[in-house]
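Colleague: I would like a close look at one part of this model, the charged pairs and what surrounds them. Please give the cut-offs as you go.

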Amino acid sequence: MSLRKRESSIMSARVISKETARRSHIRIARPPFECIAFLLQGGGALGAYQAGVYEALAEASLSPDWVAGISIGAVNAALIAGNPPSERVEKLREFWELITAAGPWDGIAQLSLAPSVVRGEFTRGFLNQLSAGTALVAGAAGFFAPRVPGAWLQPPGSIEATSYYDTGPLKATLERLVDFERINAGETRFSIGAVNVTTGNFLYFDNTTHTITAEHVLASGALPPGFPAVEIEGEFYWDGGLISNTPLQWVVEQGPRQDTLAFQVDLWSAHASFLAIWRTS
């Protein structure tokens with residue numbers, strides 16, 4: 001597979017509002033590429049940014065032929081590949097509105113978004129931490145829930161004893177919002193990365209070689225010790241981000257040799273602060 005001018009063909013997409021998209025995007029003919037790929041990193045709540053990027057691409061009529069993701073990127077990838085183009089933005093919005101639904105402290109936490117009410121970085125940071133702490137204690141609707149009883153009270157050696165949260169709610173959400181028959185029909189190529197717990201090897205579940213289910217998506221986002229490993233065909237898998245958080249290499253090496261336009265949505269800065277510390281020490 002060739003990427004036009006190698007990495008220079010990988011474009012960073014910018015999140016814009018729906019209103020801005022309508023004003024600035026002109027529907028054009030498909031660009032002269034054999035394949036359009038959408039590459040989604042892991043990054044937890046930052047995955048909401050990926051949904052905004054996809055909305056901008058949809059406004060510009062840039063529909064991907066291949067969606068690849070890891071962790072929360074795998075969830076977004078499933079929502080995209082598992083729905084017809086006309087419903088993808090709606091399903092992405094439904095998912096993110098569900099898992100960020102109002103909780104008992106939400107009214108207070110929302111003050112952090114109102115500069116006219118809350119002034120000062122300390123207060124704003126405190127309220128943000130309060131919101132995050134609420135999710136830590138109570139979980140996130142449609143995504144994960146605290147184990148009851150806790151992991152330390154579960155039978156030794158059981159899968160429940162290895163994680164603090166139950167991801168059963170996410171499985172139910174995926175099965176409701178994603179058409180896995182559509183993914184397995186192969187209209188859009190779909191690839192998500194996970195790590196084999198026993199061997200430590202990185203593996204991609206691809207709809208050209210696997211029958212994709214909700215469990216495959218859960219496996220790609222099974223970050224320990226928060227979330228449990230997921231069993232697939234007798235093997236247990238953890239979050240693919242433990243080894244590689246970006247599916248670019250898979251798309252470059254495993255795809256057919258074709259001219260590809262790849263949109264890689266980076267959720268983490270490529271400039272790590274520890275490098276600056278190392279260079280100055």
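Which residues are linked in a network of salt bridges?

Modeller: The network links Lys171, Glu175 and Glu215. A salt bridge here is a side-chain nitrogen of Lys or Arg within 4 Å of a carboxyl oxygen of Asp or Glu. This is a predicted model, so local features need pLDDT of at least 70 and side-chain atom pairs count only at pLDDT 80 or more, while totals for chains, interfaces and linings use all residues. Residues are numbered from 1 along each chain as its sequence is written, and side-chain values use heavy atoms, with hydrogens and water left out.

Start with the pair inside one helix. Lys171 and Glu175 meet through their side chains, at 2.7 Å from N to O. They are 4 residues apart in helix H7 (residues 168–177), so about one helical turn separates them. Helices (H or I, at least four residues) and strands (E, at least two) are DSSP runs, numbered from the N terminus.

Glu215 forms a salt bridge with Lys171, and their closest N and O atoms are 3.6 Å apart. Because Glu215 lies in helix H9 (residues 214–220) and Lys171 in H7, this pair ties together parts that are 44 residues apart in sequence.

Exposure comes next. Buried means under 20% relative accessible area, exposed over 50%, and partly exposed in between (1.4 Å probe, protein chains only). Lys171 has 25% relative accessibility, so it counts as partly exposed. Glu175 is partly exposed at 45%, and Glu215 is partly exposed at 25%.

For comparison, take a pair between strands. Asp206 and Arg189 form a salt bridge through their side chains, with an N to O distance of 3.0 Å. Asp206 is in strand E8 (residues 202–206) and Arg189 in strand E7 (residues 189–196), so the pair ties together parts 17 residues apart in sequence. Asp206 is buried, at 1% relative accessible area. Arg189 also counts as buried, at 17%. A search of the whole structure finds 7 salt bridges.

A nonpolar core is a set of buried Ala, Val, Leu, Ile, Met, Phe, Trp, Tyr and Cys residues joined through side-chain atoms within 4.5 Å. The largest such core has 52 residues, and those with the most contacts inside it are Phe38, Phe95, Phe143, Leu174, Phe190 and Val217. Helix H3 (residues 72–81) supplies the largest share of this core, 8 residues. A second, separate core has 11 residues, including Cys35, Trp66, Ile70 and Leu248.

H3 packs against helix H4 (residues 88–99) at an angle of about 140 degrees, with the axes 8 Å apart. Axes are lines fitted to C-alpha atoms, for helices over the stretch in contact, and angles run from 0 to 180 degrees between N-to-C directions. Angles under 35 degrees count as roughly parallel, over 145 as roughly antiparallel, 65 to 115 as roughly perpendicular and the rest as oblique. H3 and H4 are therefore oblique to each other. On the H3 side Ile72, Val75, Asn76, Leu79 and Ile80 take part, and they meet Arg88, Lys91, Leu92, Phe95 and Trp96 of H4. Contact means heavy atoms within 4.5 Å.
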